[in-house]
Amino acid sequence: MIPQKPYCFVCYNEPKAAATAKEKLTGHLLREGKDPSQNIHLYLFFVASAPSHVSPSSELPPGLLLFEEFITGEMEQKLLKRISFEEHDVEAKGSSLKHREVKHFGYEFKYGINNVDPSEPLAEGIPKECNEFLQRAVETRIVAHFPDQLTVNKYLPGQGIPPHVDTPSAFEDGIMSLSCGSQVIMDFRHPDGRHLSVLLPPRSLLVMTGESRYIWSHGITPRKSDIIPSPAGGGLTLAVRGTRTSFTFRKLSATAGVIPTDEKESFMPKTDKEASALESQHVHSVYEEIADHFSDTRHKPWPQIADFLRAQQPGSVLVDIGCGNGKYLSVNPHLCKIGSDRSEKLAGICKHRGFQVFVADVLAIPVRSGSVDVGLCIAVIHHLSTKVRRKQAIEELVRILRPGGHVLIYVWAQEQEKDNKKSKYLKSCREYKQEQKQDAEKHQEQDQTSARKSSESELESKNMPKQNQISDECDNSVEFGKGNVHRDNLKTTELEHNFNGLCARDIDDSSANPGTLHQTGELSFDDSSNSNLSQYRTDSKKLQVHVNRTEFKEQDMLVPWQLKKASGVEMKTGNVELKECQTFHRYYHVFKQGELDSLCAEVTGCVVNRSYYDQGNWCVELEKC
Amino acid sequence: MKLLTHNMLTSNIIKGVTKGFPLVINPSRVEVQEVDFNPDFITRVLPKLDFTALKQAATQVGHADKLPEALPETADFGEDLQKTLHHVLLQVEVLEGELVCPETGRKFPISNGIPNMLLNEDEVS
């Protein structure tokens with residue numbers, strides 16, 4: 001049985017046995033419900049192979065190394081004996097986090113600040129028992145530095161660790177993790193949604209370098225078993241998890257203990273001034289930096305917004321507040337349209353595409369009151385960090401409308417799954433691209449026969465790459481160059497071949513249920529998520545960094561944007577690819593169901609004409625009275 | 001910034017400013033670009049505009065020659081006037097210069113044809 005899925009895979013030794021089982025068990029009543037409609041039946045289907053996603057990935061994240069049997073069983077026992085959690089010596093080093101036990105050597109990793117203090121080494125350094133294999137790791141150039149910090153984690157079956165990236169500034173590249181005791185599946189996630197499950201057998205050494213250390217998060221889903229390739233070969237099997245003790249060896253970097261400015265914690269604003277400062281740093285500055293890349297990911301108007309624009313009277317004055325690259329300004333050529341954006345760079349891109357645009361803030365729209373027929377404000381108000389400001393923005397939008405004029409507002413929804421359907425944002429990029437591809441194939445014939453209808457669509461296809469991205473937010477994909485160090489010691493099994501795409505997606509959809517992603521929704525720097533942070537918290541709420549393509553755990557958070565730069569930006573690592581990559585954090589307040597409506601209800605002089613949900617966004621069409 | 005756009009803009013977002021309209025244009029670079037003539041569009045848009053402000057703006061950018069002091073009362077302007085309006089509204093563009101608030105004298109720069117209407121926090125009403 002696959003965790004949290006209503007199905008399982010069974011492998012029979014002979015085709016005949018499988019056929020008999022199907023014949024005898026299909027439709028079998030498993031459990032009787034209160035009425036017949038609630039009965040639970042068993043259904044059997046044949047599959048050529050189990051879908052690849054249920055088994056550990058054969059692929060490793062770039063830069064990840066895995067060495068099986070790196071230490072002997074004897075050494076494993078020696079290490080486990082050396083680190084005896086039972087004694088529980090309370091002197092500074094040992095502590096029990098909510099989900100696991102932890103011990104530090106060399107330097108204490110302080111979960112409250114996600115960092116170490118280089119000026120306070122612990123009395124006890126890395127145990128000398130480790131020297132043999134650590135030396136071997138350095139001599140064979142698996143890592144560049146002999147480690148000076150060790151964190152030992154003891155995981156009981158059912159315990160895990162939320163996805164995190166080890167504090168980039170605190171430790172050198174090349175983080176080693178030795179597994180003792182039980183096997184475990186470790187989940188690696190890229191901010192663009194890619195997800196790889198890596199099986200860590202006992203006595204294996206995992207080394208995270210480059211992209212896998214700085215960009216991919218890693219974590220362990222709390223479960224009591226893992227699906228692993230059957231040791232007998234020829235299939236998958238369920239392996240019960242035992243107690244696993246991991247030894248994480250790290251080398252303090254020169255900047256250890258220094259909290260870098262870009263990783264400084266951000267807090268929820270308490271005053272308008274703080275709100276303005278937060279938005280300036282985490283909205284306005286970010287859009288200036290990412291403008292080109294952002295614009296490249298915004299091509300195709302969302303259908304429902306385009307419909308709204310097309311339905312307007314010819315000659316209507318349209319003002320698009322937060323117009324970005326102006327993708328909505330070309331939808332209806334019969335409108336008198338003007339764009340506005342807070343970002344000078346985005347306004348510049350929009351102007352370059354031939355649109356009228358000015359730079360302004362949604363909280364102070366420099367447009368005559370009562371002069372606008374149609375307002376548009378897409379994906380803007382969720383960047384305002386207090387309710388007062390969000391309401392003020394709507395008041396501004398209503399102020400510039402003429403009586404009877406309409407404004408369409410879109411904000412990002414906390415609910416990224418509705419009616420059992422995941423939004424485009426929540427679907428992984430891979431899944432999404434697959435659908436796009438199928439769509440494209442489906443419509444290819446149509447496209448070929450139908451001539452381009454308007455000058456606008458020509459403009460779009462001329463200036464923009466072919467790939468259409470419908471989802472406003474399905475955009476954080478960064479394609480890294482191939483050819484990274486990639487040693488793969490996992491044996492490929494015949495079951496890892498690609499499962500029929502359609503079938504795999506059907507299964508995904510049918511099993512989608514809220515809470516599936518519960519354990520993965522939080523990206524924290526290092527192991528802090530389970531620790532007791534309360535002593536470090538001020539009275540303001542700290543803003544968490546959201547993990548892209550997961551459900552929103554909180555309404556206010558920072559959403560990372562991976563920017564691939566042509567030149568310049570250098571991270572503290574030798575990896576060439578990383579020099580081209582930078583992460584920015586955008587502030588978002590995602591709206592709960594009904595929140596946008598009630599906010600609009602507080603604004604005088606307008607009525608909600610229509611209120612709906614569209615691909616992970618809450619939307620309202622307001623009419624000025 | 002075309003004069004059609006200018007006709008919508010105001011500085012009433014500044015604290016203490018009541019009307020902020022029309023904004024004075026101090027042009028340093030004005031360009032004329034040909035745009036397809038669409039008389040229907042002109043007819044439909046004109047009622048939404050403030051003609052006095054348009055006349056003033058056209059004068060400030062040096063393109064008011066053929067523009068009358070006031071619009072005729074009739075609905076049918078005739079092609080000449082429509083073409084004049086088309087030219088003034090859509091073909092003339094201020095690429096560099098500044099907009100000036102008529103009440104406070106606060107200046108807003110126009111660069112590459114884009115007016116920057118951002119205010120400092122303490123200026124916002």
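Start by selecting Gln159(A): this residue is buried, with a relative accessible area of 18% (buried means under 20% relative accessible area, exposed over 50%, partly exposed in between, with a 1.4 Å probe and protein chains only). Gln159(A) sits in the loop between strand E8 (149-155) and strand E9 (161-165) of chain A; helices (H or I, at least four residues) and strands (E, at least two) are DSSP runs, numbered from the N terminus. Now show Leu156(A) too: its backbone nitrogen lies 2.7 Å from a polar atom of the Gln159(A) side chain.

A quick word on the ground rules. You're looking at a predicted model, where local features need pLDDT of at least 70, side-chain atom pairs count only at pLDDT 80 or more, and totals for chains, interfaces and linings use all residues. Residues are numbered from 1 along each chain as its sequence is written, chains are lettered from A and ligands numbered from 1 in the order in which they are written, and side-chain values use heavy atoms, with hydrogens and water left out.

Zoom out to chain A. There are 12 helices and 30 strands here, and of the 625 residues, 56% count as buried. Among contacts (heavy atoms within 4.5 Å) in chain A with a separation of 6 or more, 73% come from residues 24 or more positions apart.

Next, bring up chain B and look at the interface. On the A side 32 residues are in contact with 27 residues of chain B. The area buried between the two chains is about 2,300 Å², with carbon and sulfur atoms giving 63%; buried area is the accessible area (1.4 Å probe) that two parts lose on being put together, summed over both. Select Gln356(A), Pro366(A) and Arg368(A): these supply 28% of the area that chain A buries against chain B, more than any other three residues.

Which side chains meet in a salt bridge with a 3.1 Å N to O distance? Pick Glu93(B) and Lys351(A). A salt bridge here is a side-chain nitrogen of Lys or Arg within 4 Å of a carboxyl oxygen of Asp or Glu, and the rule finds 2 of them across this interface. Color the A side by element and you'll find that H7(A) gives the most to the side touching chain B, with 4 residues. By class, that side of chain A has 15 nonpolar, 8 polar and 9 charged residues (Ala, Val, Leu, Ile, Met, Phe, Trp, Tyr, Cys and Pro count as nonpolar, Asp, Glu, Lys and Arg as charged, and the others, Gly among them, as polar).

Asp361(A) counts as buried at 18% relative accessibility, while Arg342(A) is partly exposed at 29%.

Then go to Lys541(A) and Glu554(A), whose closest N and O atoms are 2.8 Å apart in a salt bridge. Lys541(A) is partly exposed at 47%, and Glu554(A) is also partly exposed, at 26%.

Over in chain B, select Lys55(B) and Glu69(B), a salt bridge at 3.7 Å, N to O. Lys55(B) is buried at 13%, whereas Glu69(B) is exposed at 65%.

Last stop: Glu69(A), Glu76(A) and Arg203(A), linked in a network of salt bridges.

Key. A polar contact is a pair of N or O atoms within 3.5 Å; within protein, one must be able to donate a hydrogen and the other to accept it, and residues adjacent in sequence count only if both atoms are side-chain atoms.
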